[in-house]
Amino acid sequence: MTITAPGMRSWSYTGRNSSGKLVKGKLDGPNEAVIAGKLQGMGLAPVSIAEASSTGLNRDVKIPGFEKGVDLKSLAIMSRQAATMISSGLPLLRALHILSAQTENKKLAGLLAQVAQDVEGGGALSDALAKHPVDFPPIMVSMIRAGETGGFLEGALEALATNFEKEAKLRSAIKSAMTYPVMVLLLSLVSVVVMLVFIVPIFQKMFAGLGSSLPVPTQILVTISNNMWWIVPLLAVLVIAGVVWYRRNKNTEAFRSKWDPFKLRAPVFGTLARKIAVARFTRNFSQMIGAGVPILQALGVIGATSGNWVIEQATKRVSESVRQGQSLAKPLAEEPVFPPMVVQMMAVGEDSGSLEVMLTKIADFYDDEVEAQTAALTSLIEPLLIAFLGVVIGGMVVALYMPIFNIATAVQGAH
C-alpha cells in the first residue's frame, strides 16, 4: 500500500490555471491551508480541496518482488520539461509542483510530490531523488548533484533526457526483436497443452478398443496426458515461484556474479549482451563527463548503470587505478571485457581532450551494432522456431497415428 509520512495526509484538489482550465490531482500535506499554499505556488487558483479516501479499494497494492520503477520514457519527458521550465526562469519548487500535477504517470506524479516536499523543507533535489533509488537511477542522482554543485542544473537535465531517450530506444529495439520468438514459443506451449488435454484422450479411447500394446512414443503421450491434472498446476507454481525468486535475487551480488559472466559467454547472445553493456557504459560515461561530473565520480556510477556485473567490477578496478594517478586507457586495456576498439578510441580522446566526443561516437556505433545484430538474430531465429514448432506438433501427431499405421500395416501383411 502507498504509505504517507507521519503527520501528512493525502488531499484531492481541483484548481484553475492561468488559462482558466480546471486541473485535478493529489498532494500530501498536514492541512488544507498548506495544500492551498502549494496550489498557489503551482500557479493554480484553488477551487476545491478534500481529504482523499484511504479505503482499501483506493489504495495501490504492491506485491513484494513485483514492484517496478518509473519507465524511462516518463523520466525522459520529465527531465526535458524540468530543464525547459528552469531555463525559463521558473523556480525549481514550482517546476516540481507543475510536473507533479501534469505528468500522466501516476506513480511519478506521487514521487515528484514527495520530492517537492523534501525540497520545500530545504533539501537538495539530488538528495530528494536519492531517497527513491528504485525509481530514480544512480546516474540521474549523480548528474543532478553535479549540476547543482556546478550551477548547470538545466544542462544536466537536458543530458539526462537525451540519455533516457536513447536507452529507451535501445530497449525498445531489443523488445521488438524478441516479441516474435516469445510469441512462437508461447503458441507452441499452448498447442502442446491443448493436444495433451483434449486431443490425446480422444485417441486414447479409440486405442482402448484395438486390443494391442501401444508404441512407445504413443504410450508416453498417453501417460503424460493422464497426469496433466497435476503436471499443469505444478508447472504453474514452479514458474511463479521462479519469477518471484528471480525478481528478488536478480540484483544481489551472489546472483549477478554468476549470471552476468554467463550472459557474456553464452553462444550467439553473449556478443549481443556485451555490445549492449558497452553501449550503456560509454553513453552514460559521455553524458556524465559532458554534464561536468569529474571522471572519478563518473566511474563510481557508470559501472552499475551498464547492467552487467563484469563491467561493474572492471570499472571499479579502473577507477582505483585512475585514483592512483594512471591514465584512463591503460587500466581499461587490461580488462578483457572492453573491446580493443573502445580502448583505443578512448585513449585518443583522452590524449586530445575530446573524451566526451569519442565516448559518444563509441556509444552510437554500438547502438547501431545492437540494432543490426538483433535484426539478424530475429531473421535467424524465426525459421528455427517455426521448424521447432513443426517438429513438436508434427511429432505428437505422428505418435498419435502410429497405432493406426501399425494396424494398417498388419492388415496388409495378412492379405
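**Close-up 1. Helix H11 meets helix H12 in this predicted model.** From H11, Arg280, Phe281, Asn284, Phe285, Met288 and Ile289 touch Ile295, Ala298, Leu299, Val301, Ile302 and Thr305 of H12; contact means heavy atoms within 4.5 Å. Helices here are DSSP runs (H or I, at least four residues), numbered from the N terminus. The axes of H11 (residues 269-290) and H12 come within 9 Å and cross at roughly 150 degrees; axes are lines fitted to C-alpha atoms over the stretch in contact, with angles from 0 to 180 degrees between N-to-C directions. By class, this contact has 9 nonpolar, 2 polar and 1 charged residues. Ala, Val, Leu, Ile, Met, Phe, Trp, Tyr, Cys and Pro count as nonpolar, Asp, Glu, Lys and Arg as charged, and the others, Gly among them, as polar.

A note on reading the views: residues are numbered from 1 along each chain as its sequence is written. Local features need pLDDT of at least 70 and side-chain atom pairs count only at pLDDT 80 or more, while totals for chains, interfaces and linings use all residues, and side-chain values use heavy atoms, leaving out hydrogens and water.

**Close-up 2. Helix H12 pairs with helix H13.** Here the axes of H12 (residues 295-305) and H13 (residues 309-323) come within 8 Å, crossing at roughly 170 degrees. That angle makes H12 roughly antiparallel to H13 (angles over 145 degrees count as roughly antiparallel). Look for Leu296, Leu299, Ile302, Gly303 and Ala304 of H12 against Glu312, Thr315, Val318, Ser319, Val322 and Arg323 of H13. Sorted by class, these residues are 6 nonpolar, 3 polar and 2 charged.

**Close-up 3. Helix H7 runs against helix H11.** The axes of H7 (residues 153-208) and H11 come within 10 Å and cross at roughly 170 degrees, so the two are roughly antiparallel. H7 brings Ala159, Thr162, Asn163, Lys166, Glu167, Leu170, Arg171 and Ile174, and H11 brings Ile276, Arg280, Arg283, Asn284 and Gln287. This contact has 4 nonpolar, 4 polar and 5 charged residues.

**Close-up 4. A cavity lies among several helices.** A search of the whole structure finds 1 cavity of 30 Å³ or more; a cavity is a set of points on a 1 Å grid where a 1.4 Å probe fits but cannot get out, and lining residues have an atom within 4 Å of a point. The largest cavity has a volume of about 70 Å³, counted as the space filled by probe spheres set on the points. H2 (72-87), H3 (92-102), H5 (125-130) and H6 (138-150) each supply at least two lining residues. Among those lining residues are Met78, Leu96, Leu125 and Ile144. The lining has 12 nonpolar, no polar and no charged residues.

Definitions and conventions: On a 1 Å grid over the protein atoms alone, a cavity is a set of points where a 1.4 Å probe fits but cannot get out, and a pocket is an open set with protein on both sides within 12 Å along at least five of seven lines; lining residues have an atom within 4 Å of a point. Angles under 35 degrees count as roughly parallel, over 145 as roughly antiparallel, 65 to 115 as roughly perpendicular and the rest as oblique.
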